[in-house]
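Please look over the sequence and the model shown here.

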Amino acid sequence: MARKNRDNLFRCATYILIKSNTPMRFKQLGFIGLLGLALVGCDKTTKTPTQTTAIKAREPVIAIALGGGGAKGFAHIGVLKVLESHGIKPKIVTGTSAGSFVGSIYASGKTPYQMQQIAQQLKESDLRDLTLNSQGIVLGQKLQDYVNRNVANKPIEQFPIRFAAVATRLDNGKKAEFIKGNAGQAVRASCSIPNVFVPATIGNTKYVDGGLVSPIPVQTARDMGADIVIAVDISARPSGSQPMNMWGLLDQTINIMGQQSINNELAQANIVIQPKVGHLGTLDLKSSNQAILEGEKAAQGKIIAIQTAINNFKKTPAALKPAPRAKF
């Protein structure tokens with residue numbers, strides 16, 4: 001529009017100069033002036049101001065790694081309750097042994113409050129299926145079926161929250177991470193304490209408790225693409241204050257054997273939550289409320305640290321880049 005007006009003005013001025021009685025010398029000067037204006041007009045182009053869009057820092061991918069510890073694992077529910085009450089919801093859940101039991105049900109879409117009800121109603125007979133077998137005294141089929149009922153028979157890959165159950169391959173002692181397939185079967189493998197549970201067979205491979213290789217699966221959470229990992233450690237610590245029964249002794253033996261692994265895993269976590277559940281029995285399902293309460297207390301004491309970790313992440317260059325790609 002501006003250019004059109006300028007052209008019209010140039011034509012009008014030229015016509016007036018030609019038709020007027022102005023002396024030739026002044027007409028020449030006028031034409032020179034008009035030519036200059038035209039050239040100036042040609043040099044001027046419409047410039048749009050450059051708009052820069054600020055890159056917004058993304059939210060971190062938060063994972064929670066739930067360790068093993070039998071009935072003490074109910075403390076995980078208390079931790080999840082507190083995290084969600086502060087708006088902190090993990091996008092990745094990894095679990096070993098009892099952690100896989102709780103983690104699978106949570107990742108399938110159950111709320112921590114629904115899980116608390118499940119814990120309160122859980123009976124030993126729901127999980128115990130004794131058998132005469134040289135490899136163990138508990139078959140594990142009831143545990144598998146119980147988990148599948150509580151996850152609505154969904155395979156792991158259909159969970160709304162990404163999940164991995166960690167077990168140990170019996171043939172080579174290596175870590176196995178189940179991120180798809182039958183959820184109950186994966187949890188059964190992760191919980192199969194050697195010489196107590198008959199090893200879980202999946203395909204042609206036998207699996208035992210994941211606590212032997214990864215007691216608190218922090219590295220698995222990292223490999224799944226986590227920016228921030230919250231580790232929940234419910235492993236027993238030697239206290240010497242009270243005698244142990246057979247189950248407590250077995251639990252403690254596994255923890256002592258895996259102490260170095262526990263320390264290595266915790267060193268990779270951003271936040272470590274350690275509920276005080278050492279006094280609770282490994283098989284004491286009746287202590288679920290107390291374990292949940294201990295989980296709540298321990299998590300509440302770490303909320304500021306978690307929020308600080310989230311805020312600090314948003315100030316890092318990583319927050320301006322896409323989320324880490326999962327290794328599997």
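Aspartate 129 is buried, as its relative accessible area is 12%; buried means under 20% relative accessible area, exposed over 50%, and partly exposed in between, with a 1.4 Å probe and protein chains only. The model is a predicted one, in which local features need pLDDT of at least 70 and side-chain atom pairs count only at pLDDT 80 or more, while totals for chains, interfaces and linings use all residues. Residues are numbered from 1 along each chain as its sequence is written, and side-chain values use heavy atoms, with hydrogens and water left out.

Aspartate 129 sits in the loop that runs between helix 6 (124-127) and strand 3 (130-133). Helices (H or I, at least four residues) and strands (E, at least two) are DSSP runs, numbered from the N terminus. Leaving aside residues up to four places away in sequence, aspartate 129 touches Ile137, Val138, Leu139, Gly140, Gln141 and Lys142, where contact means heavy atoms within 4.5 Å. Phenylalanine 197 is 68 residues apart from aspartate 129 along the chain, and their C-alpha atoms are separated by 9.7 Å.

Next come the helices. Two packed helices are described by the angle between their axes and the distance between the axes. The axes are lines fitted to C-alpha atoms, for helices over the stretch in contact, and angles run from 0 to 180 degrees between N-to-C directions.

Helix 4 (residues 98-107) packs with helix 7 (residues 141-150) at an angle of about 25°, their axes being 9 Å apart. That angle makes helix 4 roughly parallel to helix 7; angles under 35 degrees count as roughly parallel, over 145 as roughly antiparallel, 65 to 115 as roughly perpendicular and the rest as oblique. In this pair, Phe101, Ser104 and Ile105 of helix 4 meet Leu143, Tyr146, Val147 and Asn150 of helix 7. The residues of the contact of helix 4 with helix 7 are five nonpolar, two polar and no charged; Ala, Val, Leu, Ile, Met, Phe, Trp, Tyr, Cys and Pro count as nonpolar, Asp, Glu, Lys and Arg as charged, and the others, Gly among them, as polar.

Helix 4 also packs with helix 5 (residues 112-121), at an angle of about 135° and with axes 10 Å apart. Helix 4 and helix 5 are therefore oblique to each other. Val102, Ile105 and Tyr106 of helix 4 make the contact with Pro112, Met115 and Ile118 of helix 5. By class, this contact has six nonpolar, no polar and no charged residues.

As a whole, the protein has 13 helices and ten strands. Of its 328 residues, 46% count as buried.
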